Amino acid sequence: MKLYFRGNFDGDYSQLPSRDPAPHHVKFKEADNLEDFALKINILALGISGLALLLFSLHTGSLKNFHLNGSILALLTLVPHEFLHALCFRGPVYFYMKLTRGILFVTGTETMTRGRAILTNLLPNLVFAFLPLALFLLNRDLHLLGSMAVFTLGMGAGDYYNVFNILSQMPKGAYTYMSGTSSYWFK
């Protein structure tokens, strides 16, 4: 993996890395632009965090032990979250952000198996959302970790969306790659 920091993403999609199409590639059915994607994902994130907050409340018996400091811990995972995505790439990977829209993302154009694409999307969520949630569920006194999990579970909404697309649209044995703002699969 070789990481390139590209800085502020100003909405110019032509600045995103692209590649020549693979033979017989199929474009994933997904949001056409980053702003539409971000809006849908933010709504999904609120729903996931709302369900996680309900789980927190049911597990502890109330919300009195919910820590807003969990949101600070969650925010501190934003950049490491993207680095965990980047670690799953073997080739060049590019880091972009648009903080005014709450967008941070990495992208690359290399070909991946279905399994590696799923791992690339889920690895940060396993580390920063599901692990803290599991520890909290095992020990309800870990309120701060549980509170962090409420936020980080929702922050992974875009990744869950990508995994859903992979599982529902990409046949087993196929490969995938990203080019510009779109993802493709091919056999």
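The protein chain of this predicted model holds six helices and seven strands, and from the N terminus on these elements follow one another as β-β-α-α-α-β-β-β-α-α-α-β-β. With a radius of gyration of 17 Å, close to the 16 Å that the globule rule gives for 187 residues, the protein chain is as compact as a globular protein of that length. Its C-alpha trace spans about 55 × 35 × 30 Å along the principal axes, and buried residues account for 44% of the 187 residues. Of the contacts between residues at least 6 apart in sequence, 74% join residues that are at least 24 apart.

Turning to the strands, four of them form an open sheet in the order 2-7-6-5, with antiparallel pairing. Strand 2 (26–27) and strand 5 (112–113) stand at its edges, and because each has a single partner strand, one side of each is left without a neighbour in the sheet. Within this order, strand 6 (residues 175–179) and strand 7 (residues 182–186) run antiparallel and are joined by five bridges; Met178, for example, has Ser183 in strand 7 as its bridge partner.

The surface can be considered next. The accessible surface of the protein chain comes to about 10,100 Å², and 64% of this belongs to carbon and sulfur atoms. One nonpolar surface patch, of about 420 Å², is made by Met1, Leu3, Val79, Phe83 and Leu87, and helix 3 (residues 78–87) gives the most to this patch, with three residues. Val79 has its place in helix 3, and it counts as partly exposed because its relative accessibility is 37%, a value that lies between the 20% limit for buried and the 50% limit for exposed residues.

Notes: Residues are numbered from 1 along each chain as its sequence is written. This is a predicted model: local features need pLDDT of at least 70, side-chain atom pairs count only at pLDDT 80 or more; totals for chains, interfaces and linings use all residues. Side-chain values use heavy atoms; hydrogens and water are left out. Patches are made of residues with over 30% relative accessible area and no salt bridge: like charges are joined within 9 Å, nonpolar side chains (Val, Leu, Ile, Met, Phe, Trp, Tyr) within 5 Å. Accessible areas come from the Shrake-Rupley method with a 1.4 Å probe; for residues, only the protein chains shown count as cover. A salt bridge is a side-chain nitrogen of Lys or Arg within 4 Å of a carboxyl oxygen of Asp or Glu. Helices (H or I, at least four residues) and strands (E, at least two) are DSSP runs, numbered from the N terminus. Buried means under 20% relative accessible area, exposed over 50%, partly exposed in between (1.4 Å probe, protein chains only). Two strands pair if DSSP finds at least two bridges between them. The radius of gyration is taken over C-alpha atoms; the globule rule is 2.2 Å times the number of residues to the power 0.38. Contact means heavy atoms within 4.5 Å.
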